[in-house]
Amino acid sequence: MADLHMHSYFSDGVFSPPELVIKALACGIDVMALTDHDTLAGVKECCDAAEMVGIKNIPGIEISTHEEVEAHILGYNINLNSKSFTDFVEELEKRRRVRSEKLINKLREHKIIIPEGYFDGKIKRELSRMHISFAITDLGYEPDNETAFKKWLKEGSATYVGMESSHPREAIEKITEAGGVAVLAHPMRLKLDHFDRIKFIKKLKDWGLSGIEAVYKNSSPSTIKQFKQIADTQGLFVTCGGDFHFDKNVMMPRLLPKGAKIALNL
Ligand code: AMP
Ligand code: MN
Ligand code: MN
Ligand code: MN
């Protein structure tokens, strides 16, 4: 059983990689992938912890990109010794820092003031909008982080700042060059209508995309079916991911399709 999408405290999850491994083991997962946002910081520790308990962690990452709309690209089976990929990830971390600064400034213009140094000691690496949504809530500007997201952080809101500096084509090409396979995360969240989504996925496929995450978190059976069909038509494989961050989410043990096994070299 597999769950190929989860986050640790190296991005915006709350658990350490070994804690995630224990949770994965407890729900019957034998192939997992830690896919932190724009960082590989937890991967080695996760692979080692997984190996110790007899399961496999596929080296992974989730890269935030923007092309018309926000698109998250998952990279699997990346060669961790690829200097050009680790350089690229360092660049992604820098871009994320610039983006966070822009977002915090924009919020300030709207009278949402996150004090300088607020996140010191609270996060391990780079900020994600998840951390910012908690800050907005903890500082008393909104009642909960879902409201904070809806009003201030999600795509389309007045103060939205995406990762415009990263392009999906670049992410897909870098992943592929480092021996990995690229998969579009949560395709049902693309802010496009049905036909434009299909066109968008086709474009990513032309750039080297191998799969789409048709089975995602709490997607309905009809959504899953719809994206499985799109994958079939375009010759992409499907993956499953729970996008686990903390205990409000659940991991999603599912059987890996045959094509995915080959592509991921399991
Ligand atoms: P970022 O990678 O900084 O753009 O932040 C994206 C992260 O914010 C996602 O990975 C989720 O963890 C979180 N997120 C996205 N949409 C929502 C939402 N509607 N409500 C709460 N959290 C969200
Ligand atoms: Mn996240
Ligand atoms: Mn995502
Ligand atoms: Mn994610």
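1. Lys199 and Asp196 sit three residues apart, about one turn, in helix α7 (residues 194-206); helices here are DSSP runs of H or I, at least four residues, and strands are runs of E, at least two, numbered from the N terminus. The two form a salt bridge with the closest N and O atoms 3.5 Å apart (a side-chain nitrogen of Lys or Arg within 4 Å of a carboxyl oxygen of Asp or Glu). Lys199 is exposed at 57% relative accessible area and Asp196 partly exposed at 31% (buried is under 20%, exposed over 50%, partly exposed in between; 1.4 Å probe, protein chains only). Glu67, Glu68 and Lys203 are also joined into one network by salt bridges that share partners.

2. Keep in mind that this is a predicted model, where local features need pLDDT of at least 70 and side-chain atom pairs count only at pLDDT 80 or more, while totals for chains, interfaces and linings use all residues. Residues are numbered from 1 along each chain as written, chains are lettered from A and ligands numbered from 1 in the order written, and side-chain values use heavy atoms, with hydrogens and water left out.

3. The salt-bridge count comes to 15. In helix α2, Lys44 and Asp48 are four residues apart and meet at 2.8 Å, N to O. Lys44 is exposed at 53%, and Asp48 is partly exposed at 33%.

4. Asp38 and Arg96 make a salt bridge at 2.9 Å. This one links distant parts of the chain, from the loop between β2 and α2 to helix α3 (residues 83-109), 58 residues apart.

5. Now the metal. His5 (NE2), His7 (NE2), Glu62 (OE) and Asp243 (OD) coordinate the manganese ion (ligand 4) at 2.1 to 2.3 Å. Donors are N, O and S atoms within 2.8 Å of the metal (3.2 Å for Na, K and Ca), and water is not among the atoms, so sites may look incomplete. The manganese ion (ligand 2) is 4.6 Å from ligand 4. His7 lies in the loop between β1 (2-6) and α1 (17-26) and Glu62 in strand β4 (residues 60-67), so the pair ties together parts 55 residues apart in sequence. His7 is buried at 0%, and Glu62 is buried at 1%.

6. Last, the strands. β1 and β2 pair in parallel over three bridges (pairing needs at least two DSSP bridges), with Ala2 opposite Val31. β2 also runs parallel to β3 (residues 56-57), joined by two bridges. Strand β2 (residues 31-34) is covered on both faces, with Val31 and Ala33 buried on one side and Met32 and Leu34 on the other.
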